[in-house]
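These are my notebook entries on what I looked up in this structure. I set them down in the order in which I worked.

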Amino acid sequence: MLLALLLCYAGFTALCLSMHRHYSDLLGHKLTPGRRLALKAVGWLSLGLSLWAGVAARGWDIGLVEWFAVLMASAVTLVFMLPYTPRLALVLAATGLLISPVVAVRQLLV
Amino acid sequence: MKEGFRQAMAWLHTWIGLLFGWLLFAIFLTGTMSYFDAEISHWSQPEIPLRPLDSGASVELAQGYLQQHANAASRWFIGLPDERAPALSVMWQNPGKPGERGTFVRKLLDPQTGAEVQARKSLGGEFFYRFHFQLQMPYPWGRWLSTAAAMVMFVALISGIIIHKKIFKEFFTFRPRKGQRSWLDGHNALGVLILPFHLMITYSSLVIFMSMVMPVSILTSYGKDTQAFFNDLFPAANAAKAAGSPATLAPLRPMLAVAGEQWQGGRVGRLVVNNPGDANASVSFYRHGGDRVVHTPGTGLLFNGVTGELESESALHAAPLVIAGSFYGLHMGHFAGPLLRWLYFLCGIGGTAMIGTGLVMWLKKRSLKHAQTGVLPFELKLVQVLNIASMSGLMIAVASFFWANRLLSTGFAERSGWEVNVFFISWGVTLLHALVRPGRSAWREQLGLGSLLFVGIPVINALTSDYGLTVSIPQGDWAMAGVDLTSLAVGVFLGWAALKTFVGVGLPAIAVGQTKRVKPIAGKPAPTAHEVH
Amino acid sequence: MVCPLGKKRVVRSKVGAPSASYRLAVISRVLAAIFAGYLLAALTSICAAQWLPMPRAEAVVTGMMLSFLAYLVAVLWCFACRTAWQAWVGLLLPSALLGAGFAVGRWLL
């Protein structure tokens, strides 16, 4: 579940940042169209990969259930962290994204 | 016309949300707790020892016990212990008079000795589980009411989605410390971000009782032979009737081994012995709920009770039946391991909070007019009283149940009934309290009391039993410790909420945060439902 | 307070409370939603059980699961439509059609 969680959280963060209001609130400057597209792509790709990660680990029945659970948990965590600790929220996303290849390899090997 | 539609949906959402919100809050809260029903039961009956699991030995002991105590019964039920529920449960149904359902007797046995456990009588987690769909009402009225509430919840969810115009734009939006706006943001966030769970839990609760609430098609398709429908759905339960001639029941343990082989490592959850001691005895083995998502309680392995041979396996492969079984299984969450179970619990808390925030908002918006006088008209005062009693009052009742469990003498025979009485009496008292106290004070006092009671649960546990945190954590009894620690966390949360009533999401904050009320100017369309909020 | 339930004009008394006709209309819609809605849902389940090309048990189960969706739509309709009469007609007419369809399937085919 960990890989799916990291990817979901990072994906949602990217999608959040791809919105003008949130981008300027969190990062200061204005969102350029190029960045917007890139963030949307990263966001959706990350969510898609997280679905793959969830199902690959545990099959289509329990894997799908776990993915939805992780999807909701990461969304709630992000949205309720953002107004209180925005920097931490972003750092977690970045960290999660960075360590996800390591977690992926570990998951594939086990 | 579109504006009219949204407005109509807003009207519908707000009114059914209010009228059924109090009931739904209680259903959601107790239902959420039910995900840890086994752990709560373990906390409530700590005397039941945790033994290493040995299903073969357990089944043998259960057979011995039942043969001794229930040899005239029409059916035996054996529930094997697992990692969440340590006791070996046996139940039997006495033969009923013609036309009547026979009475059930239930006992918990020690899986190691086969003797009845000497544990304090308590319903434990079972109380909250049954309450959430039976509502302490006589059969079948509670189920009808809770299923009706589920249908209302379904309408409320869909109407809520319809009126949330900025569902994508405000997907990540939560603005605290802005009064009314924050409550709405919170309500929306809890609704949208946990929507898959809310839709699943609501729709699945309709599916679970669908044969009861929507039976017409059974009658039109099966005519008088409605039993045939249930046989189709629950093939394993369709056992032959008693022959009337006695025959010894074969040993169950070897049958268990065969069942385990058939399911290639799958676990047996429970057994039902039909007509024990009769020539037509049969034994049904049902798979443990934790093995897969789809929950089909009517399928299993059927053994001949006299010869011990495997006769048939029933399984449901048809898509609609698997879909219905999936809804049932997703609702119950039997398959969930510890982490997923916690996520289920948190989603349930989110749903409960979504309902709670809705109830609070409903009143806050309408009491603005009366802020100057501070006196609410009768109908708003009624809503306020019901809000307080159904939310903070219910929390106090829940905590009181746990307090009663530890304070009532362990030997007291009617204690399980009295734990339930304490629950309802304390809930009633909170209603009276909310009636006589002014709103803000009632909230503060009940949240404060709730906080003390919940924080006190681990304390009272440690003081009155040998299973406090200082014992359960080193022993690794995480079910016991979990209930204590969760109670502590709930107590802290309620304490924080009580303090908030002092600081007050009060008048200035509401005035500042409130969205402007736009009066329709001639020619201009009326404000959308969303903006009016 | 915003007046819901479509463009139906609400006659307000001097005090500002909704009129008797408004209250009656609301009650009518509620009753339509609860009872006519149930009727429509039940007929949906009956027709599905009869017409779906699957074994009996499966068709019945599918019908029951679909009926809740029908009930949902029925309830939404009762409050979205313009008048309380439309609420009733909008549910009873399809119910009659479904009932007729069922009767044809049952006793004529």
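How many residues does the contact take from chain C and from chain B? I noted first that I was reading a predicted model. I then found that 35 residues of chain C and 38 residues of chain B take part in the contact.

**Entry 1: chain C against chain B**

I looked up the buried area and read about 3400 Å² between chain C and chain B, with 79% of it on carbon and sulfur atoms. I next asked which three residues lead on the chain C side; Met64(C), Met65(C) and Phe68(C) supply 20% of the area that chain C buries against chain B, more than any other three residues.

I searched this interface for salt bridges, and the rule finds zero between chain C and chain B. For polar contacts I recorded five residue pairs, both residues of each at pLDDT 80 or more.

I then went through the elements of chain C. Those that give two or more residues to the side touching chain B are α1 (20–51), α2 (56–80) and α3 (84–108) of chain C. The largest share comes from α2(C), with 18 residues. By class, I recorded 27 nonpolar, four polar and four charged residues on the side of chain C that touches chain B.

**Entry 2: chain A against chain B**

I turned to the other contact of chain B that I had listed. Here 23 residues come from chain A and 24 residues from chain B. The area buried between chain A and chain B is about 2000 Å², and carbon and sulfur atoms give 82% of it. On the chain A side, Met72(A), Val79(A) and Phe80(A) supply 26% of the area buried against chain B, more than any other three residues.

By class, the side of chain A that touches chain B has 19 nonpolar, one polar and three charged residues.

**Entry 3: the sheet of chain B**

In what order do the seven strands of the open sheet of chain B stand? I read the order β3-β2-β1-β4-β5-β6-β7 in chain B, with antiparallel pairing. The edges are β3 (104–109) and β7 (310–313) of chain B; each has a single partner strand, so one side of each is left without a neighbour in the sheet. The twist averages 20 degrees from one strand to the next.

I followed one pairing in detail. Strands β1 (residues 75–79) and β4 (residues 268–274) of chain B pair in the antiparallel sense over five bridges. Phe77(B) has Val272(B) as its bridge partner in β4(B).

I also looked up what lies across these strands. Helix α3 (residues 55–69) of chain B lies across β1, β2 (88–93), β3 and β4 of chain B and runs at about 35 degrees to β2(B).

**Entry 4: Ala237(B)**

Where is Ala237(B) found? I located Ala237(B) in the loop between α10 (226–233) and α11 (252–262) of chain B. Leaving out residues up to four places away in sequence, Ala237(B) touches Tyr286(B) and Gly298(B). I also recorded that Ala237(B) and Gly300(B) are 63 residues apart along the chain, with their C-alpha atoms separated by 8.7 Å.

Technical notes: Residues are numbered from 1 along each chain as its sequence is written. Chains are lettered from A and ligands numbered from 1 in the order in which they are written. This is a predicted model: local features need pLDDT of at least 70, side-chain atom pairs count only at pLDDT 80 or more; totals for chains, interfaces and linings use all residues. Side-chain values use heavy atoms; hydrogens and water are left out. Contact means heavy atoms within 4.5 Å. Buried area is the accessible area (1.4 Å probe) that two parts lose on being put together, summed over both. Ala, Val, Leu, Ile, Met, Phe, Trp, Tyr, Cys and Pro count as nonpolar, Asp, Glu, Lys and Arg as charged, and the others, Gly among them, as polar. Two strands pair if DSSP finds at least two bridges between them. Helices (H or I, at least four residues) and strands (E, at least two) are DSSP runs, numbered from the N terminus. Axes are lines fitted to C-alpha atoms, for helices over the stretch in contact, and angles run from 0 to 180 degrees between N-to-C directions. A salt bridge is a side-chain nitrogen of Lys or Arg within 4 Å of a carboxyl oxygen of Asp or Glu. A polar contact is a pair of N or O atoms within 3.5 Å; within protein, one must be able to donate a hydrogen and the other to accept it, and residues adjacent in sequence count only if both atoms are side-chain atoms.
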